[in-house]
Amino acid sequence: MLATRGLVSGYGRVETLHGVDVEVPRGQITTVIGPNGSGKSTLLKTAAGLIRTWRGSTLLEGEDISGRPAHARVRRGLCMVPQGRVVFPFLTVAENLRMCAYPVKSERDLRARAEEAYEFLPVLRERRNALATTLSGGEQVMLAIAKVIMLRPRLVLLDEPSLGLSPKMIGLVYQKVSELAARGLTIMIVEQNVRKALAVAGHVVVLVLGSVRYQGGVARLENEVDLGRLFVEGKG
Ligand SMILES: Nc1ncnc2c1ncn2[C@@H]1O[C@H](COP(=O)(O)OP(=O)(O)OP(=O)(O)O)[C@@H](O)[C@H]1O
Ligand SMILES: [Mg+2]
């Protein structure tokens, strides 16, 4: 579904990704793990077109989208839910749903999709007239996930949706993510919680210092990467 080829990007003059090749297989959950600062968010942002590609390319179903702006990638079916659950804080839940579905022009489609989002995430229906800024952390993540229902992408990039949530809420987030995957959506998810990441993943990417340390199935990962050591190193 998605592939990067020798992807290089960064901030200012500092190169952060040093030639990254990843594959995101169709219809699966791919999880990206790695120590803090290893470039996980940068990889997602570069693939989504939120930061510029310096060299290399991003292919969406074989089409090179590297030169396209983020909104053009959204129209091609690639949607990103950024770390920190960015929503429009001073709009209501209902208004946020409309805003994130900006490519959808028909009023009827907008209503139908919002209804579908409320069915999928009932807490949002209860809170539909509340300002987004008044939502709990967990509710904000649900609102961020609702973007997927509103936009109907082919591929969604999720950056640490479980960050700062209670174990119960993390369970709910992962239940929803699994339900989306079961509907056939391809998902690439960055996760700090390695156990959680591996429980849902079909494909795993381990990113360390801006380079791919491992990529493949979960079973082989344990033999090839010393996860305990990697994450202790990464905390330093
Ligand atoms: N907006 C920015 N401006 C400058 N440098 C940045 C910016 N965002 C990230 N960086 C730097 O790029 C590197 C990779 O950061 P990135 O956010 O991609 O890591 P990460 O793996 O997502 O980390 P975390 O697990 O903490 O979310 C880090 O050295 C970071 O300091
Ligand atoms: Mg990050």
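Thr16 is buried in this predicted model, with a relative accessible area of 17%, which is under the 20% cut-off. The residue sits in strand 2, which runs over residues 14-24. Once you set aside the neighbours within four places in sequence, Thr16 is in contact with Ser9, Gly10, Tyr11, Gly39, Thr42 and Gly210.

Take Arg127 to start with: it is found in the loop between helix 5 (122-126) and helix 6. Its relative accessibility is 25%, so Arg127 counts as partly exposed. Beyond the neighbours within four places in sequence, Arg127 is in contact with Val93, Thr134, Leu135 and Glu139. As for Glu139, it lies 12 residues from Arg127 along the chain, and the two C-alpha atoms are separated by 8.8 Å.

Glu61 is not a glycine, yet its phi is positive, at about 45°. You'll find Glu61 in the loop between strand 4 (55-60) and strand 5 (63-64), and it is partly exposed at a relative accessible area of 35%. Leu209 is likewise a residue other than glycine with a positive phi, this one near 50°. Leu209 lies in the loop between strand 9 (203-208) and strand 10 (211-216). With 68% relative accessibility, Leu209 counts as exposed.

On to the helices. Here are two packed pairs:

| Helix pair | Axis separation | Angle | Handedness |
|---|---|---|---|
| Helix 4 and helix 6 | 9 Å | about 140° | right-handed |
| Helix 3 and helix 4 | within 10 Å | roughly 120° | right-handed |

Helix 4 (residues 107-120) and helix 6 (residues 137-151) pack at about 140°, and they are therefore oblique to each other. On the helix 4 side, the contact is made by Leu110, Arg113, Ala114, Glu116, Ala117 and Phe120, while helix 6 brings Ile145, Ala146, Ile149, Met150 and Leu151. Sorted by class, that contact has nine nonpolar, no polar and two charged residues.

Helix 3 and helix 4 cross at roughly 120°, which makes helix 3 oblique to helix 4 as well. Ala94, Leu97 and Arg98 of helix 3 meet Glu107, Leu110, Arg111, Ala114, Ala117 and Tyr118 of helix 4. This contact divides into six nonpolar, no polar and three charged residues.

What about the nonpolar interior? In soluble globular proteins, nonpolar side chains tend to be buried together. The largest nonpolar core here has 41 residues, and the members touching the most others are Leu97, Leu124, Leu143, Met150, Val156, Leu180 and Ile187. At least two residues of this core come from each of strand 6 (78-81), helix 3 (93-100), helix 4, helix 6, strand 7 (155-159), helix 7 (167-182) and strand 8 (186-190). Which element gives the largest share of this core? That is helix 6, with 10 residues.

Leu124 is worth a look of its own. Leaving out the neighbours within four places in sequence, Leu124 is in contact with Val93, Tyr118, Glu139, Met142, Leu143 and Ala146. There is also a second, separate core of 22 residues, with Leu17, Ile65, Leu157 and Leu207 among them.

How values were computed:
Residues numbered from 1 in each chain as written. Chains lettered and ligands numbered in written order. Predicted model: local features only at pLDDT ≥ 70, side-chain atom pairs only at ≥ 80, totals over all residues. Heavy atoms only, no water. Axes fitted to C-alpha atoms, helices over the stretch in contact; angles between N-to-C directions. Helix = DSSP H or I, 4+ residues; strand = E, 2+ residues; numbered from the N terminus. Parallel < 35°, antiparallel > 145°, perpendicular 65-115°, else oblique. Left-handed = near helix turned anticlockwise from the far one by under 90°. Contact = heavy atoms within 4.5 Å. Nonpolar A, V, L, I, M, F, W, Y, C, P; charged D, E, K, R; others polar. Buried < 20%, exposed > 50% of the residue type's maximum accessible area, 1.4 Å probe, protein only. Core = buried A, V, L, I, M, F, W, Y, C linked by side-chain atoms within 4.5 Å.
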